[in-house]
Amino acid sequence: MPSCQFNKETQNHVKEKKVFIQLTNAGKAIIAAATGPIKITSFKLGSAYGYIPQATDTNIHGTTIYEGIPSDPFVVNPNVVKYGAYLDYNLGPFDFGEIGYFVGNTLFALAADDSLIHKSPLGAVDGGNSIRIDAFLSIVDTNYQMWLDAAESNNQFRMAVLGSVDELPASRLASPNAYIITGVDQRQSSFIAYTDRTGLWNFDAYDFAYQAQVPITAVDQQSITIALSDYTSGMNPSYIGQIIVEFSTGQNFSFCRYVKSVILGPTTATFQLTSPMAQLPVVGDKIVIFGRQVLSTTIPNLPIATHTDLGAVIVGQTLTVDNTGLINVAPSAFPVTSVNGKTGDVELKIGDIPDAARVAATGDYNDLINKPVPYSLPVANTTTLGGVKASTNGHITIASDGTLDIGFAPVLKVNNITPDASGNVSITFPPVVGLVNPTQIPNAADLNTYTSTGLYYVLPADSPSLANGPGTATGRKAAMLEVEALSTSGTTGDLVQRWQGMDSMYFRSRISGTWSGWLQLSNGSLPPATTSTLGAVIVGAGLNVTSSGLLSTQIQSVNGKTDQYLVLTANDVGAIPSDQIDKPGGVAGLSAIPNGSSNPTDNYVYGRIKNTKLPLGAVYIVGNFDANANHVSQYAGLNTIDTNTALLASGMQTIDTGYNATNPFYQTVPANGSAYLVTVAGTTALDGITSWAVGDLAVAFGNSWIKIAGANSVTPWRGFNTVVNLNTSQTLTASALNCAIQWFGSTGTLTTPTAANLAGAPLGTTLWFYNQPGDAVGSLTVAVQAVDKLYVNNSSIPVASVTMPPGGSAYLVLRGANGSGYEWDVFGGSVMGPVATVPVDMVGGSPGTLAASQVVLQFPITRTTSLPAALAGSAGYAGTPAGAATQFTISKIVGGSTTTNLGTINWAAGARQPTFTFSSAQTLNATDVLIVTAAASADANLANATFTLRGTASAA
């Protein structure tokens, strides 16, 4: 029978215990049909213990506490394989007493302990623990074909065969850990790929083409790029299969590819791969490069011959080669045997050529035969090209490269007019009359005839004789007359005449042929009028002005008062003084209909006296309540039950809102403040109350009905003992249970009683809350203890709190105890608190030491998730501390491409537990990905480093 060994390891000691496990009938069938080690796909931890597992079992006996994935089968010896399950420090707290091993959905084996095993997380009171569970399966039967058949004398070693290194799995998942790789073509022999499952793949027919690890600078699905400085000529294959690249860091660690070719750029070398990659490495990951050994193929691999090294050559057209490999120069290609009598390495000088010209030896121009006549540059003129020189006045300049230019800034435009083709600028001016030389107005002239635009003047002797002149004739002196046109119709259009005398100024206009009168202007600038200074004013609203300039107000009296300073009292307008509203001895204010409201019940609900202004202890008794038929009375001496009426849930009622028995008008309206005396017992259900006795009082309290028990009603944990008035935030005590709690303070919070105050309270214990309306009353929030939970309407959805505005109500009903806390149901409340968040633990890390920039956590987000500032509540642990300070980078990917750094996990030298740098709280949305990456320079000592990032996510 298989055995199971439980190793329970804590921080300070190791506890080991052994129990037997039962192989199920289904597990035996799986073994009988298998030809290799069985792969167990999952395990479950259950709550049951103290029983003997049976071969007929199909599942664990208790409830599932935790599920996980065990290790791949580890061959201990030819007859025994081991399966490991690890519960790390971050799990818990929980207790389990059984473990079931599953292949798919089939129970393979089941183990049970005689007592519960406790799993607590790191940081718990007991220090926390980790647990390793090893299950050993012994198989000694002929139905299991082993890989090594040691019983035969001609023992054959069988290995898996792959067609390419591209097909090799990750080394840590390799089973078996050695493969035969067939050659790419018949000229390449097969070779062996092997690994120790922790390091890289190695190849018996390949050597390192480059000893160092080379970082990747760019990548796509079928190529990787490195810096040209890391490239050597031995990395470029002359045939497929000569070069292998293997990823030595990152998420593609130990994956291999053949290189088809290498493309060299100015600063990079790009390796073209034979197969595309489904999972891309990241920039910065490293590769190692292997080259095929020369003697492992039949492909010629001689090096190319040089002047100093033996090697292979190709015989060209100008050479010959015999059957012994002897190479000579082909006589037909090079028939020359000497040059000017010289052989060997010939170097000719000018003296070796007897018929060379003298100038070839001297290089002197004068030794040329038939040399040309020296050139003479002519002077340029209008018909002949030639030389010119610049004048000394600076008007012409010559640059160092011979460029001619003018030495001054020329005029380009005149009055925005550019020169014509001849370089001339023509400027025209409209005709001007009298502006430069004013025209004299003669004696006895008629000013109505001066309609041409211009400036005119009149002498003192002629001024009194002018017809249609301004002012009085005797008062006129020497003056200037300016005529300005208001239109473009010449002398017949609209115009203005302005007369400027020695001590006066006038102007008039001619519109459509009609002259206006002359208007005299003030000699000076008139200041604005003040209460003490004469001046100009503008007649505003509420004033009248006559043609003579007399100002008067439009209002002459107010409510019969004509005083200069009017003071009106409330009596003057028949109003109630504001200082008498809601004050002792005054009047009570009525509630107003909210802006924009058009509910048909507005006139009934509003226009009422505020509760705070009612007489102390006042409850409005509307009438009687038949709790069996659910009808009430409103009038006729409070005795006649009206069958058209009813009391409804949430503090509502259907009544005659006009209180007119002759012409009733029935509406469903809030009953807040209304009370009915039970005259007929019954079970009408109103907001959780289903038992009514004669003498009880049904009172609408906020948005709920409450019951005030009468002499014949006994409900010790239902109904209300009393009404409690509160106006300050506080934690309630046991005395508040089954009470109506009325809030009349500003915004505040009331918290449910502690566990000690709830001891002995039965299920169904109630807390009723009513936020009384009023100007000074704020919103009321009801929250539960930190160890308690609050649920909406008997649901499984937790909420943080319930909030009530003034006039709102809600009640809480006790579900019962849950661990160290209690659970409550909440009903009512006009505004519910936000849906509570649930904790989210994002666990990352890696066994063993870390590669540079290794991804240790990749966590896709499925719902809104928050991480607190400083990552409060997060923890980590390293099996082997770092030798020097090192950091993991925390970042997020948005939209599949945009990466933003959020913080770091800091491992100090020699420390097992890290600190966290996280400057502010962060919110991650669905489809975002949280990434944690190890340091770019891996610490050689840091090993078995794990961490848990504590956050919260929306419960929905």
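How many of the 5 residues of strand β37 are buried? The answer is in the second view. The model is predicted: local features need pLDDT of at least 70, side-chain atom pairs count only at pLDDT 80 or more, and totals for chains, interfaces and linings use all residues. Residues are numbered from 1 along each chain as its sequence is written, and side-chain values use heavy atoms, with hydrogens and water left out.

**View 1. The whole chain has 5 helices and 63 strands.** Helices (H or I, at least four residues) and strands (E, at least two) are DSSP runs numbered from the N terminus. Of the 956 residues, 35% are buried (under 20% relative accessible area, 1.4 Å probe, protein chains only; exposed is over 50%, partly exposed in between). The chain exposes about 54,300 Å², and carbon and sulfur atoms supply 56% of that area (Shrake-Rupley method, 1.4 Å probe).

**View 2. Strand β37 (residues 652-656) is largely enclosed.** Here 4 of its 5 residues are buried, so the rest of the structure largely encloses the strand. β36 (residues 646-648) runs antiparallel to β37, joined by 3 bridges (strands pair if DSSP finds at least two bridges between them). L648 stands opposite M652. T654 stands opposite T668 in β38.

**View 3. The largest nonpolar core has 26 residues.** Such a core is a set of buried Ala, Val, Leu, Ile, Met, Phe, Trp, Tyr and Cys residues joined through side-chain atoms within 4.5 Å. F888, I905, L930, V932 and L949 have the most contacts inside the core. Elements giving two or more residues include β54 (837-849), β58 (886-894) and β62 (929-933). The largest share, 4 residues, comes from β63. L949 touches residues including V840, L857, I905, F916 and L930 (contact: heavy atoms within 4.5 Å). In soluble globular proteins, nonpolar side chains tend to be buried together.

View 4. β21 (319-321) and β22 (327-329) each supply at least two residues. F334 sits in the loop between β22 and α2 (358-362). F334 is exposed, with a relative accessible area of 52%.

Methods. Lists of a residue's contacts leave out its neighbours within four places in sequence.
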